[in-house]
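Reader: I would like to learn how to read a protein model feature by feature. Could you take me through some examples?

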Amino acid sequence: MPYHSASLFSRDALAAIDMGSNSFRLEIGTVRDGRYKRLQYIKETVRLGAGLDAQGHLTEAAMQRGLACLQQFAQALQGMPAARVRAVATQTLREARNRNAFLARAQEALGYSIEVISGREEARLIYAGVAFLQPSNRRRLVVDIGGRSTEMILGAGRTPSTAESFGIGSVSLSMRYFAEGRFTPEAFRAAQIAAGAELEEALAPFNPRRWDEALGSSGTAGAVSEVLEACGVTDGCITPESLRWLIERCLEAGHVDALDLPGLKPDRRAVIGGGLCILYTLATHFGIAAMQPAKGALRQGVIIDLHERLRALRQPEAEDLRDTAVAGLLERFGADAAQAQRVRKVALALFDQACPKADPERRHELRWAADLHEIGMTVSHHDHHRHSAYIVAHADIAGFSQSQQQQLSQLILGQRGGLRKLGAVVEDPLRALQVMCLRLAVIKCHARGEVTEKALRLQARSGVADLSYSTAWADSHPRTVHLLHEEAAAWARERVLQLTLP
């Protein structure tokens, strides 16, 4: 199908790519004056989740389907600046053991970076899309049944209070219990038991007393709602009774190929059995008497989130959720906030001197790494940088993708000790410079007293970083100068970026 090039859209257009387990979606839209407007939407059924083999590896056939779709998306995105595009991958790539190999090929095909997001981050973004497109101050339960995971979120207004992700979806359940396309009472019963076992731990946190209305976001809920409305069973509202009616129609058909239901799209046929079982389990176990289809979904949440990030860059008073999340983590682990602030000031001053035209996101990464570099102290003072790196890599930090957390973790791991443990990270000149600035800041602030960020100057040229300071400062800080010489020796041993001293 012909796609409009992104270069034809307005300068404030934003793009989101949702690489789901069943479908890949591209949406381009704008956010103006509190309103969202869709400019273009493309959906392709890729069935990436169906391509996970028994060892947890994506098959080459599944990867090729994904790559072909991303190449089509790249055509539609021609001319769109990278800062205005965000691509996120969900459960299948959270699970795939060969995801890094696929991501390298996928990013080349798309022409933009791709982030793997955690289940909770996916849930947060789903709620962001629903809350923005369908505003309400009522207490809500939002459910999104994807191909290999199901997200459940409680919230009111724009604020989610509880967000969880469960490893069961329409594709995975259909592959297991309806693999040959046959519908039997035994298969439906077994699939519902499996869904109930996975969702059982959600019974308390998502108790009906905690919400007033239920909304179903995205694929499965939307598809079932359309069928119920087209068949005249309901006006699109999903109820336990209507789900039982639809299950009976599946049993009457006996096979997915014989299923003839108005409103059922071809790409939903193969996964309708698993989706129905999850919906019916949710309705009966969580007391959902009526679920309405939601207007928003993950892709709109990604655009809303991206809009708010860009606004925070333009307007210092605007809030970037990631700043709030980092501050919360710093407080949660009881780290020395004053020391974090000292290291941050020095690290950013050095980075701004050495790389004044760097991507603002790289500067933010260094700032967050400086803020969190000592949170591992709560585990142990010995090798605290390793504990800090582990926490940052594995914690649920709102606003961050798993990919971003790994990058932060590597920066924090590199704050001290040998550089060899960072592997290929420091082979990237900009990454190496980030690591160097953090290490130099930690050295300068090692006495944990007041410092001036202007004492050191750092200039970068090809393969070399020149550090300078006054003779008077060196004479009054002999121990720091000693540590700086040891740091220069550490970089000389690795030969990735040389550090020169006066």
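Author: Let's start with a crossing: α6 passes α9 with right-handed geometry. A crossing is called right-handed if the near helix is turned clockwise from the far one, and left-handed if it is turned anticlockwise by less than a right angle. The names come from DSSP runs numbered from the N terminus: helices are H or I runs of at least four residues, and strands are E runs of at least two.

Reader: Before we go on, what kind of model is this, and how are residues numbered?

Author: This is a predicted model, in which local features need pLDDT of at least 70 and side-chain atom pairs count only at pLDDT 80 or more, while totals for chains, interfaces and linings use all residues. Residues are numbered from 1 along each chain as its sequence is written, and side-chain values use heavy atoms, with hydrogens and water left out.

Reader: Thanks! At what angle do α6 and α9 pack, and how far apart are their axes?

Author: Two packed helices are described by the angle between their axes and the distance between the axes. The axes are lines fitted to C-alpha atoms, for helices over the stretch in contact, and the angles run from 0 to 180 degrees between N-to-C directions. Here α6 (residues 185-199) and α9 (residues 272-285) pack at about 55 degrees, with their axes 9 Å apart. The two helices are therefore oblique to each other. Angles under 35 degrees count as roughly parallel, over 145 as roughly antiparallel, 65 to 115 as roughly perpendicular, and the rest as oblique.

Reader: Which residues in α6 and α9 meet?

Author: Contact means heavy atoms within 4.5 Å. From α6 come Phe188, Ala191, Gln192, Ala195, Gly196 and Leu199, and they meet Gly273, Cys277, Ile278, Tyr280, Thr281, Leu282 and His285 in α9. By class, this contact has 8 nonpolar, 5 polar and no charged residues. Nonpolar covers Ala, Val, Leu, Ile, Met, Phe, Trp, Tyr, Cys and Pro, charged covers Asp, Glu, Lys and Arg, and the others, Gly among them, are polar.

Reader: How are α1 and α3 oriented to each other?

Author: Their packing angle is about 25 degrees, with the axes 8 Å apart. α1 and α3 are therefore roughly parallel to each other, and α1 passes α3 in a right-handed crossing. Glu60, Met63, Gln64, Leu67, Leu70, Gln71, Phe73 and Ala74 in α1 meet Phe102, Arg105, Ala106, Ala109 and Leu110 in α3. The residues of this contact divide into 9 nonpolar, 2 polar and 2 charged.

Reader: On to rings. How many aromatic pairs are found in the whole structure?

Author: Rings of Phe, Tyr and Trp (its six-membered ring) pair if their centres lie within 6.5 Å; planes under 30 degrees apart count as stacked, over 60 as edge-to-face, and the rest as tilted. A search of the whole structure finds 5 such pairs. One of them joins tryptophan 368 and phenylalanine 400, edge-to-face, at 4.9 Å centre to centre and with 80 degrees between the planes. Tryptophan 368 lies in helix α13 and phenylalanine 400 in the loop between α14 and α15 (402-413), so the pair ties together parts that are 32 residues apart in sequence. Elsewhere, Phe178, Phe183 and Phe188 form one aromatic cluster.

Reader: Is tryptophan 368 buried or exposed?

Author: Buried means under 20% relative accessible area, exposed over 50%, and partly exposed in between, with a 1.4 Å probe and protein chains only. Tryptophan 368 is buried, at 1%, and phenylalanine 400 is also buried, at 1%.

Reader: Where is glutamate 374 found?

Author: Glutamate 374 sits in the loop between α13 (360-372) and α14 (384-394). With 8% relative accessibility, glutamate 374 counts as buried. Leaving aside neighbours within four places in sequence, glutamate 374 is in contact with Ala335, Asp336, Gln339, His384, Ser388 and Arg448.

Reader: Finally, what is phi in aspartate 383?

Author: Most residues other than glycine have a negative phi. Aspartate 383 has a positive phi of about 55 degrees although it is not a glycine. Aspartate 383 lies in the loop between α13 and α14 and, at 29% relative accessibility, counts as partly exposed. Arginine 47, in the loop between β3 (35-45) and α1 (60-76), has a positive phi near 55 degrees.
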